[in-house]
Amino acid sequence: MSNPFARIVEPLDPKQPLKKFYNLSKLEDGRYARLPFSIRVLLEAAVRNCDEFLVKKEDVENILNWKVVQHKNVEVPFKPARVILQDFTGVPAVVDFAAMRDAVKKLGGDPEKINPICPADLVIDHSIQVDFNRRSDSLQKNQDLEFERNKERFEFLKWGSQAFKNMRIIPPGSGIIHQVNLEYLARVVMDQDGYYYPDSVVGTDSHTTMIDGLGVLGWGVGGIEAEAVMLGQPISMVLPEVVGYKLLGTPQPLVTSTDIVLTITKHLRQVGVVGKFVEFFGPGVAQLSIADRATIANMCPEYGATAAYFPVDDISIGYLIQTGRDKERVTCTKKYLEAVGMLRDFKNSSQDPDFSQVVELDLHTVVPCCSGPKRPQDKVAVSDMKKDFETCLGAKQGFKGFQIAPDRQNSKVKFNFEGCDFELAHGSVVIAAITSCTNTSNPSVMLGAGLLAKKAVEAGLTVKPYIKTSLSPGSGVVTYYLRESGVMSYLSQLGFDVVGYGCMTCIGNSGPLPESVVEAITQGDLVAVGVLSGNRNFEGRVHPNTRANYLASPPLVIAYAIAGTIRIDFEKEPLGINASGKKIFLKDIWPTRNEIQAVERQFVIPGMFKEVYQKIETVNKSWNALDAPSDKLYTWNPKSTYIKSPPFFDGLTLALQTPKTIEDAYVLLSFGDSVTTDHISPAGNIARNSPAARYLTSRGLTPREFNSYGSRRGNDAVMARGTFANIRLVNKFIDKQGPQTIHFPSGETLDIFDAAERYKQAGHPLIVLAGKEYGAGSSRDWAAKGPFLLGVKAVLAESYERIHRSNLVGMGVIPLQYLPGEDAGTLGLTGRERYTIIIPEKLKPQMNVQIKLDTGKTFHAVMRFDTDVELAYFHNGGILNYMIRKMAS
């Protein structure tokens, strides 16, 4: 098939005739100039793949006619240029690849066909925990313990880096995946095979969207979908609507990028952008640094969009130079983008494209804020925090309520810590963490925190010693400029020593709290608080003992740590009283935007980035010393509790099995709204009374050796037992929070895994009932793999978060959606019925299917296979089965 756009392929430079590009901006009808810049990247990818038999000419025409066809569920294939992975999702991906090689060999194919054909970078950033803090050697001790716990996983990943071509491993201790991508891995423009074309990426972490702040189109996908992309399969997607988000005005002097993103998150949740692209435009964008834009793009999953795109402009080009990228390459990048009409001038409104919808924000209206206590979209102005928390205390149990009786809302519990007496109350801060890719990539808020710490120390303020404080930068560059600017010592004096380079508290790797603190919280049934500069604060995520968790900017994390409580009005009450008896208010120590920018200009320089990243793959001596096998097929160790060959491909044949009607299924669980992937497949600690703990104990492990669910994602036996194991799970069948359900044939209340096993042994299929936004949160594939292994054949929900629906499709679990205006309540469903889901012989995307109950009631739901490609995956029993058959034949 010839390329229909070959006539507009031209060299960038006559001296470099091999370096060509498709200049679609020369199309004469002007359609290209009206496309959103994010859609232009999809178009460029489509045209580039025409020669590869992946895209038809009509696909390209559909993208050009985006405004006309965007509401018509038009399917387009998208082949990203790169894939990025982190270790929590990367280990199961490499496990799947190893098992797929075995399966292809059994079917008579070449196992080495299972190999990434596009660049794949895996950054190890999810394994380190805050076991040690408030000491000068915290970093080394945490890293040593990380290797002690995860040596087997790391050896397996090192095997993968050698066994598979095109797979690079960034060792532990290097930084957080998205910051490393922003500062080092991202190309902005790819220069491969004699062509220039836009960089694009998908990643096995939902916050892959952070790279959109630099003008690289990217988003998170499930691990199983990423594996298919690595094997050359395009992502089949419905051409999205694009919401134009117009930024106007200038931020107030005391406002941070965190305040801006929390404001945008709440706004876009109200607008409703699930399944859509958001593209930022307007003169206000020019007021934002790339780090500011990356912060906003990072929290895209929290407002539910697929991508949150900032087109490339001169500030983006300047960032490439600032971060030490090759100058000649940066020059070519700019020339290419100018030539194809993809270099944006945000102050030039004539460049504004057409959008599906336009919403606006005046940056001057943004005020300092936090989000919580249980969801990132629940923004609270800092001036209202005390009142809001006290309202939450008495409110009904829910996203904004803890249902504490009025006579207990002022309870206090005395305790002793390191020989001194203290007391805790509702709202006491016990964790204060500067953490996560969202903020630690941003010099303005990190230096702001450092300057605030300096002023606080100089004013005589301290942080109570029992509060678990920590600083986990997103890369070594952060430590570099904090040290060079002279603020690191002040952060350390307040307890914010560097404890590791990784996600840490943001993903629940908070480590233990002091025993006396836990005893006081438990004794008083207190709503203790975690304050973190992260992006997620779902129940049970940060720490089991912090029932309230607030997202805040790094300077505010320090402020609340000093105050020791969330129940403070910073405008009226002092942060503390120093040794001289002087009251110190937050306004006395808060640095202005101008102060921060002056320090940033002086100390955040290209040399830092070059020095850190030129040795990133070799700097970790423990990693270098790991001995990994060199075989192309992995030799599975039956004694391992970390790495295990999964049962997904057992009995797989080349012949397809016709999908069958699901008959008389029991409901395993019945949920309300906003059930997250943290609820479905937690990443944190393994509770000592859980099915997973009982399994590990039976293999000879002690609780100290359990590690976390996230670290054991290479072992399906642990992960199946950890499915729905979140201690804050709310199942409508049970009158209290916890990972239990009713086994209806016996009437017994059991742990969810144990109930599922009984159903499986009796040959009963299972389904799950849910409300809105099912599967919100991280893009963890085990939130689909786990239910699959429990015997869940379908989920019936009011709506799905995009990535989780895709993951269910990838595992062959049917995502069913109530018809508009219907839900479990309107249909009178209790979940105690048995469900027969009629699967027709001929399936179409988004078709209605009939569901019959054993009560005689019948209703219809939408089968959310959105494209023909997804139906092909379903017929194969999942995307990986599809790829194995494809490679074997």
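Reader: Before anything else, what counts as a helix here?
Author: A helix is a DSSP run of H or I with at least four residues, and helices are numbered from the N terminus. Keep in mind that this is a predicted model.

Reader: OK. Take helix 29: how many of its residues are buried?
Author: Eight of the nine residues of helix 29, which spans residues 782-790, are buried, so the helix is mostly covered, with buried meaning under 20% relative accessible area.

Reader: Which ones are they?
Author: In helix 29 the buried residues are Trp 782, Ala 783, Ala 784, Lys 785, Gly 786, Pro 787, Leu 789 and Leu 790.

Reader: And what comes just after helix 29?
Author: Gly 791, which has a positive phi of about 95 degrees. A glycine with positive phi also follows helix 26: there Gly 700 has a phi near 90 degrees.

Reader: Which residues of helix 26 are buried, then?
Author: Within helix 26, residues 691-698, the buried ones are Pro 691, Ala 692, Ala 693, Tyr 695 and Leu 696. They pack against helix 27 (716-721), helix 28 (752-761) and strand 28 (748-751).

Reader: Is Phe 648 buried or exposed?
Author: Phe 648 is buried, because its relative accessible area is 10% and the cut-off is under 20%.

Reader: What is Phe 648 in contact with, neighbours in sequence aside?
Author: Beyond four places in sequence, Phe 648 touches Asp 96, Trp 782, Lys 785, Phe 788, Leu 789, Met 811 and Asn 881. Trp 782, Lys 785 and Leu 789 are among the buried residues of helix 29. As for Ala 103, its C-alpha is 10.0 Å from that of Phe 648, although the two are 545 residues apart in sequence.

Reader: Now strands. Which way do the residues of strand 9 point?
Author: Strand 9 covers residues 200-203. Ser 200 and Val 202 point one way, Val 201 and Gly 203 point the other way, and all are buried.

Reader: How many bridges join strand 9 to strand 10?
Author: Four, and strand 9 and strand 10 (residues 217-220) run parallel.

Reader: What order do the strands of the open sheet have?
Author: The order in this open sheet of four strands is 14-13-12-15, and the pairing is parallel. Its edges are strand 14 (307-309) and strand 15 (357-362), each of which pairs on one side only. From one strand to the next the twist averages 20 degrees.

Reader: What lies across strand 12, strand 13 and strand 15?
Author: Helix 9 (residues 257-271), which runs at about 150 degrees to strand 15.

Reader: Last topic. At what angle do helix 17 and helix 23 pack?
Author: Helix 17 (residues 476-484) meets helix 23 (residues 606-613) at about 135 degrees, and their axes are 9 Å apart. That angle falls between 115 and 145, so the two helices are oblique to each other.

Reader: Which residues make the contact?
Author: Helix 17 contributes Gly 476, Val 477, Tyr 480, Tyr 481 and Glu 484, while helix 23 contributes Met 608, Phe 609, Glu 611, Val 612 and Tyr 613. By class, seven are nonpolar, one is polar and two are charged.

Definitions and conventions: Residues are numbered from 1 along each chain as its sequence is written. This is a predicted model: local features need pLDDT of at least 70, side-chain atom pairs count only at pLDDT 80 or more; totals for chains, interfaces and linings use all residues. Side-chain values use heavy atoms; hydrogens and water are left out. Buried means under 20% relative accessible area, exposed over 50%, partly exposed in between (1.4 Å probe, protein chains only). Contact means heavy atoms within 4.5 Å. Two strands pair if DSSP finds at least two bridges between them. Axes are lines fitted to C-alpha atoms, for helices over the stretch in contact, and angles run from 0 to 180 degrees between N-to-C directions. Angles under 35 degrees count as roughly parallel, over 145 as roughly antiparallel, 65 to 115 as roughly perpendicular and the rest as oblique. Ala, Val, Leu, Ile, Met, Phe, Trp, Tyr, Cys and Pro count as nonpolar, Asp, Glu, Lys and Arg as charged, and the others, Gly among them, as polar.
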